[in-house]
Amino acid sequence: IGVLFLMFMIGLELSAARLWAMRAWVFGGGTVQVLASALLIGGALLLLGQPFATAAILGLVLSLSSTAVVMQLMNEQNTTGSRLGQAAFSILMLQDLAVVPILVLIGVLARGSGDGAMTLALVTMAKAGAAIALIYLVGGRVIHPLFKAFARHRQPDVFMALILLSTFGIAGLSAAAGLSMALGALIAGLLLAETEFRHEVELMVEPFKGLLMGLFFMTVGMSMDTRQIADAPLWLAGAVLGLVLIKALVVTLLLRAGRLSWSRALEGGLLLAQGGEFAFIVLGDAVQAKLIDPGLGARVMLAVGLSMFITPLLARLGRAIGERHESAVRERSAQHDEDALGQARGQIIIAGFGRVGQQLAKLLTAQDIPFVAFENNAALVSKLHAEGMPVFFGNASRPELLRLVHADQAPAIVLTMDNPAASMQAVRGIRREFAEVP
C-alpha cells in the first residue's frame, strides 16, 4: 500500500501531456536499460551454470530498480525536475510496465515451451495495453465529476474516502486486468493531476504515504532471511557487487548517450544500480512455479534487499562525484572564456539570464544587436553556452568581471536579476566604476 501511495503521488506530479513528452526516454531509454541489463546479468548466470529459464527470469527481474527508494531519494534532494531526474523517472516507469511481460514469461515457462507460447504472450500484452487505455479513458470521465460533486459538501473525511476509493479502485482494476497495482495507482494520480483538486489531494495523502512507505521498508527487511549472510557471505557480497556494477555501467552509458555529462550519467548509474521491490513478488511466483530453486530465490531476495540498503550511500557518492566534476568544468570554462570576454567590446551586457534575460536576448538577436550575458546558475550557463549562446558564469556586480567585457564601452547594461538586494548591489558597483554607462 505504501508503494501504491508513492506511485499515486508521482502521478499527481505528472500529467498525460508531460508523460507523452517523455516518451523517448520511457520507451526508448527504459527498454534499452531493461534488455541490456537482463542480457548481461542473464549471460553471467548462464556462464555460472544456471539453467536457461532461471537465468532468463533472474536477468529480467534484476534489471529492475526500486522506484520506491530512488523516487524517495530524488524527492529529498529536489532533483526530480532536473534532466537526470526526468531520465531516471522515465526508466523507472518502463521498468514498472515491464513487470507485466515478466509475469507473463513466468506463466509461459511454467507451462513449458510450445507452439502457443508466443501467441499467449502477444495476446496478454495486447490485453494489457487495451486495459490501460480503457482505464484511463473511462476514469477520466468518472473521476472529475465525482470529486466535483463531493467537494461541494466540504467534508474532509468524505474527500479522503473518495481519494482512497479512487486509488485502490483503479489499482484493483489494474490488477484484475493482469497489470501491476502500482501502475493502476499511477494512472489514478495522472487522472487527478488534470483536475483542480490536485493540490488538496496531495496535502491529504502525503502523511499516509510517508507512514506506509516506512511499513513497506519494514516488510522488505522482514522478508529477508539474514541467516543466509552467515551461510554464504562471499556469495552475497559478490552478487550485490556484480549487480551494482553491471546496472551502473548500463545506466551510465545510456544516460551519456542521452547527452548527459559523464558525471551526471555516473550519478544516475549509481542511483539506479540496486534491485527493485517487484523482485520480491516476481521471485515468489517463479519459486512457486518451480522455475527457481527456493534456496537460490531466498539468496537473490537477500541480495536485492542489501542492494536497496546501500543505495543512499551510492547516491551520495554519485552526487559528490557529479558536483566535483562540474566544479572542475566550471573552473576550466572560466579560464577559456577570458579570451572570448576580452573581445566583447561595444556589446550590451545582460546581468541575469533567466526568463526575462532570455526574452531580451531574443529581441536583440532579432535586431542583430550584439550582447553578452552573465548568470549565476551554473547548470543553465553550461547548457546555453554549449548551444553557442554568449552566456558566461559570473556575478555582474563585480567590477573586475565587467572590465573584462569592456563595460565602459557598452551601449547599455541591463539588469534582469530576480533578487532585489543583488540588483541594488550591482547598480551601486556599476555606478561607482562606470558612471556614464546607461
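Which strands does helix α18 (residues 378-386) lie across? I found that α18 lies across β2 and β3, running at about 145° to β3; helices (H or I, at least four residues) and strands (E, at least two) are DSSP runs, numbered from the N terminus.

I note that this is a predicted model, in which local features need pLDDT of at least 70 and side-chain atom pairs count only at pLDDT 80 or more, while totals for chains, interfaces and linings use all residues. Residues are numbered from 1 along each chain as its sequence is written, and side-chain values use heavy atoms, with hydrogens and water left out.

I then looked up the sheet, which is open, with four strands in the order β3-β2-β1-β4 and parallel pairing (two strands pair if DSSP finds at least two bridges between them). Its edge strands are β3 (391-393) and β4 (413-415), each pairing on one side only. β1 (residues 348-351) and β2 (residues 371-375) pair over four bridges, and I348 has F371 in β2 as its bridge partner. Helix α17 (residues 355-366) packs on this sheet, where it touches β1, β2 and β4 (contact means heavy atoms within 4.5 Å).

Last, I checked helix α3 (residues 23-47) against helix α12 (residues 233-257), and they pack at about 145° with their axes 10 Å apart; axes are lines fitted to C-alpha atoms, for helices over the stretch in contact, and angles run from 0 to 180 degrees between N-to-C directions. Among the residues that meet there are W25 and L40 in α3 and L243 and K247 in α12.
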